[in-house]
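Please open the structure in your viewer and keep the sequence panel beside it. We will select one part at a time and say what is there.

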Amino acid sequence: MAPDSNFHSRLVGWFKILLPLAALALLSTLFLFARSPAEEPAISFAELDKLAQEQRITAPRFSGVSDDGAVIAITAATAKPEPNESLTITGPTLSLAAPDGTQLTVKAGFGTINTANQTAELGGLARLETSSGYVMETEGLTADLTTGEITSTGPLEIQAPYGDVKAGKVTILAASDGTGQRMDFTGGVKLLYDPTSRSE
């Protein structure tokens, strides 16, 4: 019986060491998975000049409110401060929510945010979509972050609820009567009217 007793004693001794270690490993795993990265707060456009000391920002989000009450937000893959009071951004997405509920989204390949005059330039084939059914593609767009005005920097093709439109320029700005956004197409406007595509 002595060998069995010694084996049992050694087994109990090993368990006294291994079980606390296993419990510690389980607790460490629990704390590791319980942690979730906190959502990065949005950076207001007024605070952009404070980012000049940073080398590069990953997944930034900038937001603000225009003079007419529209909420403007810009997200990007990366942002890098430049010496001339601006930020170069990659993979930008600009969203604008007007007070009347109208929304538009612009996606582009790259862009620049000027912190001095509060403007954003988006390029690399900018695609603009509105909640009212307009889809536009152009070489680039300029957005005034103070007024909410958006202007194309080149000719564009538009898919509208009533057909297809080609124009040299589009300007999206707040309507003077306060009813939301207004689109002005200029520069050799061509309309291909399609009554079957007209929404009710």
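Predicted model: local features only at pLDDT ≥ 70, side-chain atom pairs only at ≥ 80, totals over all residues.

Residues are numbered from 1 along each chain as its sequence is written, and side-chain values use heavy atoms, with hydrogens and water left out.

**The whole protein.** Of its 200 residues, 32% count as buried, where buried means under 20% relative accessible area, exposed over 50%, and partly exposed in between, with a 1.4 Å probe and protein chains only.

**The core.** Next, select Leu 94 and Ile 150, which have the most contacts inside the largest nonpolar core, a set of 33 residues. Such a core consists of buried Ala, Val, Leu, Ile, Met, Phe, Trp, Tyr and Cys residues joined through side-chain atoms within 4.5 Å. Strand E10 (residues 119-130) supplies the largest share of this core, namely four residues. Now keep Ile 150 selected and ask which residues it touches, not counting those up to four places away in sequence. Among them are Leu 94, Leu 96, Leu 128 and Ile 172, a contact meaning heavy atoms within 4.5 Å.

**The ring pair.** Select Tyr 134 and Tyr 162, which form the one aromatic pair of the structure. Their ring centres lie 6.1 Å apart and their planes stand at 75°, so the pair is edge-to-face; rings of Phe, Tyr and Trp (its six-membered ring) pair if their centres lie within 6.5 Å, and planes under 30 degrees apart count as stacked, over 60 as edge-to-face and the rest as tilted. Tyr 134 sits in the loop between E10 and strand E11 (135-144) and Tyr 162 in the loop between strand E13 (156-160) and strand E14 (163-167), so the pair ties together parts that are 28 residues apart in sequence. Tyr 134 is buried at 13% relative accessible area, whereas Tyr 162, at 23%, counts as partly exposed.

**The paired strands.** Finally, select strand E15 (residues 169-174), which runs antiparallel to strand E12 (residues 150-152) and is joined to it by two bridges; two strands pair if DSSP finds at least two bridges between them. Thr 151 stands opposite Thr 171 in E15. Six bridges join E15 to strand E16 (residues 181-186), again antiparallel, and the partner of Ala 174 in E16 is Gln 181.
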